[in-house]
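Please open the structure in a viewer, with the sequence beside it.

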Number of protein chains: 2
Amino acid sequence: MKKINLYITLKQGVLDPQGKAVQESLHTLGYTAVKQARVGKYMELIVEDDANVEQQIEEMCTKLLANPVIEDYTYIVEEGIVQ
Amino acid sequence: MKKINLYITLKQGVLDPQGKAVQESLHTLGYTAVKQARVGKYMELIVEDDANVEQQIEEMCTKLLANPVIEDYTYIVEEGIVQ
């Protein structure tokens with residue numbers, strides 16, 4: 001099995017209301033050292049060993065998991081996962 | 001400035017309906033090699049250089065960013081970020 005750690009973030013320049021809300025809440029709690037907060041998605045996928053897992057990840061991201069217009073994605077593949 | 005990469009995931013054993021929905025959607029699209037999907041939050045915080053940034057992160061997580069009952073969090077601090 002392989003484990004895919006997938007990070008989906010908003011593209012630079014895209015408004016991040018959720019991030020803004022987190023930053024303001026942290027300021028309210030007194031953590032004024034926080035200058036910016038951006039919120040994204042983190043996914044862990046367990047997949048069977050497959051020859052073209054990289055190609056499948058790209059397809060899954062563009063078709064479903066990330067919105068290519070406003071989001072970027074990066075991923076790390078961990079080999080030899082025992083499930 | 002420092003950049004904190006924060007990963008918030010559901011604890012093992014906690015039901016993950018969002019992950020289940022992602023897995024079933026991927027199966028519907030034909031990606032049956034996906035055996036499990038778990039969805040969490042990924043945050044990027046830009047913070048001023050501060051002596052006790054590690055302690056502040058722990059406090060911010062337990063007070064606001066992560067629910068200690070059902071979520072785990074891990075983070076990586078990147079030094080010397082130019083903003």
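In which sense do S1(A) and strand S3 (residues 71-78) of chain A pair, and over how many bridges? The two strands pair in the antiparallel sense, over eight bridges. Here helices (H or I, at least four residues) and strands (E, at least two) are DSSP runs, numbered from the N terminus, and two strands pair if DSSP finds at least two bridges between them.

Before the next selection, some conventions apply. This is a predicted model, in which local features need pLDDT of at least 70 and side-chain atom pairs count only at pLDDT 80 or more, while totals for chains, interfaces and linings use all residues. Residues are numbered from 1 along each chain as its sequence is written, chains are lettered from A and ligands numbered from 1 in the order in which they are written, and side-chain values use heavy atoms, with hydrogens and water left out.

**Stop 1: strand S1 of chain A**

Select residues 2-10 of chain A. This strand, S1, is mostly covered, with eight of its nine residues buried. Buried means under 20% relative accessible area, exposed over 50%, and partly exposed in between (1.4 Å probe, protein chains only). Display A:Lys3 and A:Glu78 together: A:Glu78 is the bridge partner of A:Lys3 in S3(A). S1(A) also pairs with S2(A), in the antiparallel sense and over seven bridges. For this pairing, select A:Ile4, whose bridge partner in S2(A) is A:Leu45.

**Stop 2: A:Asp49**

Next, select A:Asp49, in the loop between S2 and helix H2 (53-65) of chain A. A:Asp49 counts as exposed, at 51% relative accessibility. Not counting residues up to four places away in sequence, A:Asp49 touches A:Met1 and A:Lys2; contact means heavy atoms within 4.5 Å.

**Stop 3**

Now show both chains. Chain A can be laid on chain B with an RMSD of 0.0 Å by a turn of 180 degrees and a shift of 0.0 Å along the axis. The two copies are thus related as by a two-fold rotation axis. The superposition is by least squares on the C-alpha atoms of residues with pLDDT of at least 70 in both copies. Of the interface residues of chain A, 100% are also interface residues in chain B, so the copies meet through the same surface.

**Stop 4: strand S1 of chain B**

Move to S1(B), where eight of the nine residues are buried. S1(B) pairs with S2(B) in the antiparallel sense over seven bridges, and B:Tyr42 in S2(B) is the bridge partner of B:Tyr7. Eight bridges join S1(B) to strand S3 (residues 71-78) of chain B, and these strands run antiparallel. B:Lys3 has B:Glu78 in S3(B) as its bridge partner.

Within this strand, select B:Lys2. Is B:Lys2 buried or exposed? B:Lys2 is buried, with a relative accessible area of 11%. Leaving aside neighbours within four places in sequence, its contacts include B:Leu45, B:Asp49, B:Asp50, B:Glu78 and B:Glu79.

**Stop 5: B:Ile70**

Select B:Ile70, in the loop between H2 and S3 of chain B. B:Ile70 is partly exposed, with a relative accessible area of 32%. Apart from residues up to four places away in sequence, B:Ile70 touches B:Thr9, B:Leu10, B:Lys11 and B:Val14.

**Stop 6: the cavities**

How many cavities of 30 Å³ or more does a search of the whole structure find? The search finds two. On a 1 Å grid over the protein atoms alone, a cavity is a set of points where a 1.4 Å probe fits but cannot get out, and lining residues have an atom within 4 Å of a point. Grid points are joined across faces, edges and corners, and a volume is the space filled by probe spheres set on the points.

The largest cavity holds about 50 Å³ of space. Select its lining: A:Tyr42, A:Glu44, B:Thr9, B:Leu10, B:Arg38, B:Val39 and B:Gly40. S2(B) gives the largest share of this lining, three residues.

The second largest cavity has a volume of about 40 Å³. Among its lining residues are A:Ala33, A:Val34, B:Ile4 and B:Met60. Helix H2 (residues 53-65) of chain B contributes the largest share, three residues.

Key:
On a 1 Å grid over the protein atoms alone, a cavity is a set of points where a 1.4 Å probe fits but cannot get out, and a pocket is an open set with protein on both sides within 12 Å along at least five of seven lines; lining residues have an atom within 4 Å of a point.
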